[in-house]
Amino acid sequence: MEQVDHIVVGSGISGAHAAQTLVEAGAKVLMLDVGNRDLKYADMIPDLNFLEIRKNDENQHRYFLGDDFCGIPWGSTGVGAQLTPPRAFISKDTEMWLRMDSGDFEPLESLARGGLGAGWGAGCFVFSKPELEAIGLAQEGLTDAYNIAAGRIGVSGARDDGARYCVDGLNDIQGPIDIDPQIADVYSMYKRKRKRLNDRGFYVGRSSLALLTENLGDRRKTSYTDMEFWSDPGGSTYRAWMTVDALSKARNFQYRDRVLVTRFSEEGGGVTVHAVNVDNGESVRFTCRKLIIASGVLGTARIAIRSFGYRKERLPIISNPYCYVPCVRFKMLASTIPESKTSLAQLYIFYDRNHDNLDVGAASLFTYRSLLMFKLVKEVPLAQVDALRLMRFLLPSITIAGIFHPERGGSGKFVELVRDGGSPTGDRLRASYRLSKEEQNELRRMDRAYIGALMRLGCLPLKIIYPAHGSSIHYGGALPFSERDEPLTLSPGGRMNGTRSVFVADGSGFRYLPAKGITLTLMANAHLVAKRALENR
Amino acid sequence: MLRSRFAMGAIDAGLALVKPSSTIRKRIFIMLSILEASPHHTGHFLPEPFKTYNLIKMVLRMIVTVFRTASGLLLLIRYGG
């Protein structure tokens, strides 16, 4: 049995930032992780821009389509559809180790080094006070924590109409990314129609991203290769594994991969962490004074339920509903897609219908090219040869809007851990995700409002695509924050109620998920949870 | 029937409306994606420059598309989907 002061479970966004805070404070930290990596494609992808690769690289079929053709999607749009073959390692081995049973909830989980953050769209959002109250987060020190997190990862953005929904309170941000002519045209149309759109609750701003526009340490500013969905050129887009790599150079940090933590128990003055070696199935144990769990909301729920022995208890779960809408802007037909661009979101449209910065809808606007033409062709109800010709003609005028909705819990949204003799962990998670009629009507109403706003901005929607619940890859609420010391809840400071020395640094406590992405808030919260763990005696 | 270039396009068009996830369409889709991921065919998968000539060509192609789809639907009705 190995013994350390602090154990951090998981190397995703929350685990990496909690560990960084602990290591910087001089604590001795062991990070436990399965740690899958992409060993196949990463070295194969040239550090060139998308068009150069398309025209010259004979090997491109390997990483664009995958050696097993996993990059050729067919059938309905499900979870993980947005993962390209070089990102497929993110969900590797989860079917084996993180068994899930659900007909109406398709979450994406990860056992990768860097967790789900390895495929993060890099959107950075500071939550408003009403949003933080709805989440149940302790707000003390959060503004500073947001700034610390932003300073670590580097955030680019603009102080414009969208700023109060994304970079409000951040002291230092880098300049915004360059935007394509299509998006610039949408933005200028917004400026012309600003008053009318603002009256209806719509505010448009440049995207705030963990994508560098200035060099930061070893990471290079973006060179606009349009390859963000395939690789991490120059480290311009922040990934959690970068923090883990940097921490690995510290003497008080140890990274142990190939272990899956299954449960914990508090004994004496410390915590025993029970894990399984994923290569040989052998049990392994570690002990520590403080345990910080950051396994992702569903992974943390599994560990908590097993540790408390409440196998039949249902835990709440929330995940942002979302849809995406391909739009055409006919006036941009004659434009060209610039050679240098980013694949990431270029503009945000916030829908704050009550003008109170709560229950704000968030849409990201993208232009389409680097995910290849054949994925668009599939969606067109024509012969594929005709669809290809049509899409080649329309592509410069295509804009994709990804619309996220805020989400709260409900009686039809839960997970429970049930026994499964065929599973290597002896159980599987059963999930249900059903929206009430009122929630469904509200979503459709918000979608209609968004469609109206897109049309006012000159974007003609072609289709609305609704992926399965859970595929927004934003999860929360399984161990909700609670002032009462009840099992399977968290104190607002992140300690697991019913324990002395176990903390949760991921989004498990979030009782509400704003539509805006939670990743920057996860980093800020993880930093604070780690600080509280250091202070806790 | 599928060996005929015209029939293949027509059946694909008909299936796009009545059975978009059919095996035939899937096979064409895989062939299309393999072609796209080859540098020798890149030009066929990048946006077409906007010229009046191309616009006219596009309109004519769409007329052909309508006929192709109608023929495909007739073939599917006649020979079964």
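**From one residue to the chain contact**

Glu442(A) counts as partly exposed because it has 16 C-beta neighbours inside 10 Å; buried means 20 or more other C-beta atoms within 10 Å, exposed 12 or fewer, partly exposed in between, with C-beta atoms placed from the backbone. This is a predicted model, in which local features need pLDDT of at least 70 and side-chain atom pairs pLDDT 80 or more, while totals for chains, interfaces and linings use all residues. Residues are numbered from 1 along each chain as its sequence is written, and chains are lettered from A and ligands numbered from 1 in written order.

Glu442(A) sits in helix H14 (residues 437–456) of chain A; helices are DSSP runs of H or I, at least four residues, numbered from the N terminus. His405(A) is 37 residues from Glu442(A) in sequence, yet 9.9 Å away in space, C-alpha to C-alpha.

Now the helix pair. The axes of H6 (142–153) and H15 (519–535) of chain A come within 8 Å and cross at roughly 110 degrees. Axes are fitted to C-alpha atoms over the stretch in contact, and angles run from 0 to 180 degrees between N-to-C directions. H6(A) and H15(A) are therefore roughly perpendicular, a class that spans 65 to 115 degrees.

Finally, chain A meets chain B. The contact takes 32 residues from chain A and 29 from chain B, with contact meaning C-beta atoms, placed from the backbone, within 7 Å. On the chain A side, H13(A) gives the most, with seven residues.

Key
Helix = DSSP H or I, 4+ residues; strand = E, 2+ residues; numbered from the N terminus. Parallel < 35°, antiparallel > 145°, perpendicular 65-115°, else oblique. Contact = placed C-beta atoms within 7 Å.
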